[in-house]
Amino acid sequence: MTTDPIADYLTRLRNAIMANKKVVEVPASGIKQGITRILFDKGYILSYKFVEDEKQGTIKIALKYHPQTRQSAIRELTRVSRPGLRKYAHATDLPRVLNGLGVAIISTSKGVITDKEARQLGVGGEVICYVS
């Protein structure tokens with residue numbers, strides 16, 4: 001059991017990118033599935049698949065690389081809110097990552113959404129991580 005499963009998820013992605021892996025498997029949860037869907041919708045990963053088993057299930061994520069330079073589409077993954085220090089933001093104070101070029105993933109009452117969607121809906125929440 002890990003203290004911070006979201007940090008474990010982000011670390012597994014970072015390690016797989018540094019090792020130039022094509023696929024990474026992580027234990028599934030609702031919030032991890034939401035983060036994975038956002039990464040896919042924003043073009044940071046190639047594809048994903050939720051695999052159900054008798055326990056909690058896993059998420060298989062196919063990482064995306066540039067065909068010639070072999071650089072990952074994900075440059076940086078940063079955990080913001082953590083169990084020891086939660087970071088919350090009001091709808092008017094939501095962070096911008098790289099002046100709008102990156103994505104901040106927010107956990108709100110409407111589910112796990114991006115900072116841009118949260119601004120449009122006028123909701124705030126817990127700032128989970130930054131992706132650029």
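Start with helix α1 and colour I6, Y9, L10, L13, A16 and I17: these residues are buried, where buried means under 20% relative accessible area, exposed over 50%, and partly exposed in between (1.4 Å probe, protein chains only). Look down the axis of α1 and you'll find its buried residues within an arc of 125°, so they line one face of the helix; the arc is that of the directions from the helix axis to the C-beta atoms. An α-helix has 3.6 residues a turn, so residues three or four places apart point the same way.

Before going on, a word about what you're viewing: this is a predicted model, in which local features need pLDDT of at least 70 and side-chain atom pairs count only at pLDDT 80 or more, while totals for chains, interfaces and linings use all residues. Residues are numbered from 1 along each chain as its sequence is written, and side-chain values use heavy atoms, with hydrogens and water left out. Helices (H or I, at least four residues) and strands (E, at least two) are DSSP runs, numbered from the N terminus.

**Around α1**

What do the buried residues of α1 pack against? Select β1 (23–27), α2 (30–41), β3 (58–63), β4 (77–79) and β8 (125–131), and you have the partners.

Now try the distance tool on the ends of α1, which covers residues 5–18. The expected span is 1.5 Å times one less than the number of residues in the helix.

N20 has a positive phi of about 55° although it is not a glycine. With a relative accessible area of 41%, N20 is partly exposed.

**On to α2**

Select α2 and pick out its buried residues: K32, Q33, G34, I35, T36, I38 and L39. The end-to-end check works here too: twelve residues at 1.5 Å each should span 16 Å, and the end C-alpha atoms of α2 are 17 Å apart, which agrees. After α2 comes G43, with a positive phi near 85°.

Go to I59 in strand β3. Is I59 buried or exposed? Its relative accessible area is 0%, so I59 is buried. Show what surrounds I59: leaving aside neighbours within four places in sequence, its contacts (heavy atoms within 4.5 Å) are V24, E25, V26, P27, A28, K32, Q33, T36, K49 and F50.

One of those contacts, P27, sits in strand β1. At 23% relative accessibility, P27 counts as partly exposed. With neighbours within four places again set aside, P27 is in contact with R12, K32, Q56, G57, T58 and I59. Draw a line from P27 to V51 as well: they are 24 residues apart in sequence, and their C-alpha atoms are 9.5 Å apart in space.

K60 is also in strand β3, and at 34% relative accessibility it is partly exposed. Not counting residues up to four places away in sequence, K60 touches V23, V24, E25, S47, Y48, K49 and V51. From K60 to P27 the C-alpha distance is 9.0 Å, across 33 residues of sequence.

**The loop between β5 and β6**

Select the loop between β5 (88–89) and β6 (103–108), and find N99 there. N99 has a positive phi of about 55°, although it is not a glycine. At 72% relative accessibility, N99 counts as exposed. L98 is in the loop between β5 and β6 too, and its relative accessible area of 55% makes L98 exposed.

**Last stop: the largest pocket**

Which residues line the largest pocket? Select K42, R96, G100, L101, G102, V103, T114, D115, K116 and R119. A pocket is an open set of points on a 1 Å grid over the protein atoms alone, where a 1.4 Å probe fits, with protein on both sides within 12 Å along at least five of seven lines; lining residues have an atom within 4 Å of a point. The volume of the largest pocket is about 160 Å³, meaning the space filled by probe spheres set on the points, which are joined across faces, edges and corners.

Colour the lining by type and you get two nonpolar, three polar and five charged residues. Here Ala, Val, Leu, Ile, Met, Phe, Trp, Tyr, Cys and Pro count as nonpolar, Asp, Glu, Lys and Arg as charged, and the others, Gly among them, as polar. Finish on helix α3 (residues 115–121), which gives the most to this lining, with three residues.
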